[in-house]
Amino acid sequence: MALSRGLRCCQRAFAWLPVLIIALVVLWSYYAYVCELCLVTLSNPVEKVAYLIIFHILFVLFVWTYWKSIFTLPVQPGKKYHMSYADKERYENEERPEVQRQILAEIARKLPVYTRTGNGGIRFCDRCQLIKPDRCHHCSVCAICVLKMDHHCPWVNNCIGFSNYKFFLLFLAYSLLYCLYIAATVFKYFIKYWTGELTNGRSKFHVLFLLFVAVMFFVSLMFLFGYHCWLVSRNRSTLEAFSAPVFQNGPDKNGFNLGFVKNLQQVFGEEKKLWLLPIASSQGDGHFFPMRALCEAQNPLLANEEQWEDDGIDEEPHDSTEASSLAIERET
């Protein structure tokens with residue numbers, strides 16, 4: 001017991017290592033830009049003040065969004081999605097998979113749930129003992145079900161989902177601008193140090209290395225940010241991009257796609273003045289999301305159990321273990 005607790009503590013401490021690395025790089029970049037470039041290398045006072053003002057604005061926005069991405073806890077499904085004590089006992093004591101399936105269907109009929117597993121079963125988490133809302137998934141790292149889960153990000157040591165996806169996007173955007181600004185303003189002095197026009201040895205090292213680091217991070221962030229912009233424009237999460245959600249008529253990768261403007265509003269909200277600020281403004285509560293087809297919104301899948309069976313999607317296998325896997329989604 002003590003050994004397992006020690007291993008868990010080490011694992012949790014190790015999970016903060018990527019965050020510590022990013023923090024150290026950011027602190028060094030602040031020192032290199034402010035002290036070695038602006039205070040030591042620059043001689044024009046007007047240029048020095050302008051560089052410092054713009055840099056500090058971007059730095060504050062970058063740190064603010066990074067902080068919000070790290071410490072905004074992922075939202076879990078509400079109590080009504082959890083099984084009651086009586087339902088849990090009835091479900092666990094029942095050995096027949098078809099009856100377990102009926103129990104889950106009865107519970108889910110009372111909930112605004114419209115998606116299923118690939119085999120037509122109720123999306124049920126056996127670890128958290130709850131019916132999963134649409135777009136909700138279980139995170140094996142956080143050991144919880146996360147509303148509109150996108151992915152678990154080691155660089156923020158947090159699960160990116162409904163509560164902090166906007167902050168994560170802004171963090172990527174301001175990181176990109178931060179790196180671009182540093183690279184653009186440092187490049188002139190990089191050339192001067194490289195050609196020997198400036199000779200300060202200590203500052204030369206910081207300025208040269210600052211450009212390389214800024215360009216390296218800019219290139220990697222450009223691809224990541226571009227990918228997430230593409231996801232937002234189509235109202236998909238990273239998980240949904242790899243595995244399309246299943247609706248009444250089967251899998252549909254565009255099931256939540258409402259059009260470019262409405263897709264943006266779902267993440268950033270309707271008040272455009274809040275779009276660029278790390279302030280929670282996303283639409284809804286993360287439990288229900290408007291769907292592309294009106295008929296899907298008006299006809300929950302849970303009210304159409306027979307259609308899955310008629311289509312041959314939900315056939316019961318002979319082996320009880322295999323049948324149970326059709327009714328329950330077990331995610332790792």
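This is a predicted model: local features need pLDDT of at least 70, side-chain atom pairs count only at pLDDT 80 or more; totals for chains, interfaces and linings use all residues.
Residues are numbered from 1 along each chain as its sequence is written, and side-chain values use heavy atoms, with hydrogens and water left out.

Now the aromatic pairs. The structure holds 26 of them. Rings of Phe, Tyr and Trp (its six-membered ring) pair if their centres lie within 6.5 Å; planes under 30 degrees apart count as stacked, over 60 as edge-to-face and the rest as tilted. One of the pairs is phenylalanine 162 with phenylalanine 289: the ring centres are 6.4 Å apart and the planes stand at 70°, so the pair is edge-to-face. What does this pair link? Distant parts of the chain, 127 residues apart. Phenylalanine 162 is in the loop between strand S6 (158–160) and helix H6 (165–195), and phenylalanine 289 is in the loop between helix H9 (260–268) and helix H10 (294–298). Helices (H or I, at least four residues) and strands (E, at least two) are DSSP runs, numbered from the N terminus. Phenylalanine 162 is buried at 15% relative accessibility, and phenylalanine 289 is buried at 3%. Back to phenylalanine 268, which forms a tilted pair with tryptophan 275, 5.9 Å centre to centre and with 40° between the planes.

Phenylalanine 289 has a charged neighbour as well. The charged end of arginine 135 sits over its ring, 5.0 Å from the centre. Arginine 135 also lies over the face of phenylalanine 256, at 4.3 Å from the ring centre. The criterion is NZ of Lys or CZ of Arg within 6 Å of the ring centre and within 35 degrees of the ring normal.

Next, the helices. UniProt, in an unreviewed entry, places the feature "transmembrane region" at residues 12–33, 49–67, 167–187 and 207–227. Those positions are in the numbering used here, feature names are shortened, and annotations may be inferred rather than shown by experiment. Residues 12–33 are 95% helix and 0% strand, with end C-alpha atoms 33 Å apart. Residues 167–187 are 100% helix and 0% strand, and there the end C-alpha atoms are 30 Å apart. An aromatic cluster includes Tyr30, Phe55, Phe171 and Tyr181.

How do H6 and helix H7 (residues 201–233) cross? Their axes come within 7 Å and cross at roughly 150°. Axes are lines fitted to C-alpha atoms, for helices over the stretch in contact, and angles run from 0 to 180 degrees between N-to-C directions.

In the loop between H6 and H7 is leucine 198, partly exposed at 25% relative accessible area. Leucine 198 and threonine 41 are 157 residues apart in sequence, yet 8.4 Å apart in space, C-alpha to C-alpha.

Last, the backbone. Most residues other than glycine have a negative phi. Lysine 148 has a positive phi of about 45°; this residue is in the loop between strand S4 (144–146) and strand S5 (151–153) and is buried at 10%. Asparagine 157 has a positive phi near 50°. Asparagine 157 is in the loop between S5 and S6, and is buried at 19%.

Methods. Buried means under 20% relative accessible area, exposed over 50%, partly exposed in between (1.4 Å probe, protein chains only).
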